[in-house]
Amino acid sequence: TTEIYTEQIVGSVRCVQETVIMLPQMLNVLALVFLMFFIYAVLGVFLFQDISSGDIIEPDIYNFKNFGNAMITLFRCATGENWYSIMFDTMRTEEDGCIKDVSCGSQYNAIFFLSFIVMVQFIMLNLFILVITDTFEEYEMNGNSALKTFKEDFHVFNKWWGELTLSLIHI
């Protein structure tokens, strides 16, 4: 049973090492996601600031009245929670019984939401997966990877430090 625990600990340590190595790449992807949210939030405020009521859009939080509320609304859309209802709220026309300057939008607003959903849920998700698999592949397949070099140097350091500690104890 001790060997099983040792293998699990080694696997966990390897996973943590890979995660630490991939952090800069993940931060780059997160910065790209934030930039996309920023662009769409500014565009959403510009396009939908007059729409203040609907099935999902409300005057308090879920609207495009200001940048902060737009970011919250876009985050809700990105999670997939009723994003289509928010899109339909922005697409109401006078034929649908909307109130002018309160809940009227345009049929073309679907382009905004569909492009946002495609970008967030498909492209950005695939970027995160790409970073994870690329880091794993680099670590496992490349003999000169930074993690393998660190691991070897760490074992040499541990051995040297253990010998030094033992020699100091015997003095």
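**How many of the residues of helix 3 are buried?** In this predicted model, 6 of the 8 residues of helix 3 (residues 83-90) are buried, so the helix is mostly covered. They are W83, S85, I86, M87, D89 and T90. Buried means under 20% relative accessible area, exposed over 50%, and partly exposed in between (1.4 Å probe, protein chains only). Helices (H or I, at least four residues) and strands (E, at least two) are DSSP runs, numbered from the N terminus.

**Meet the ring pair of F37 and F116.** The structure holds 12 aromatic pairs. Here the ring centres of F37 and F116 are 5.3 Å apart and the planes stand at 85°, so this pair is edge-to-face. Because F37 belongs to helix 1 (residues 2-48) and F116 to helix 4 (residues 109-141), the pair ties together parts 79 residues apart in sequence. F37 counts as buried at 9% relative accessibility, and F116 at 0%. Rings of Phe, Tyr and Trp (its six-membered ring) pair if their centres lie within 6.5 Å; planes under 30 degrees apart count as stacked, over 60 as edge-to-face and the rest as tilted.

**A cluster of rings.** Ring pairs link F37, Y40, F48, F64, F112, F113 and F116. Both F112 and F113 are buried.

**R76 over the face of Y62.** R76 lies 4.3 Å from the ring centre of Y62. A charge sits over a ring if NZ of Lys or CZ of Arg is within 6 Å of the ring centre and within 35 degrees of the ring normal.

**Notes.** Residues are numbered from 1 along each chain as its sequence is written, and side-chain values use heavy atoms, leaving out hydrogens and water. In this predicted model, local features need pLDDT of at least 70 and side-chain atom pairs count only at pLDDT 80 or more, while totals for chains, interfaces and linings use all residues.
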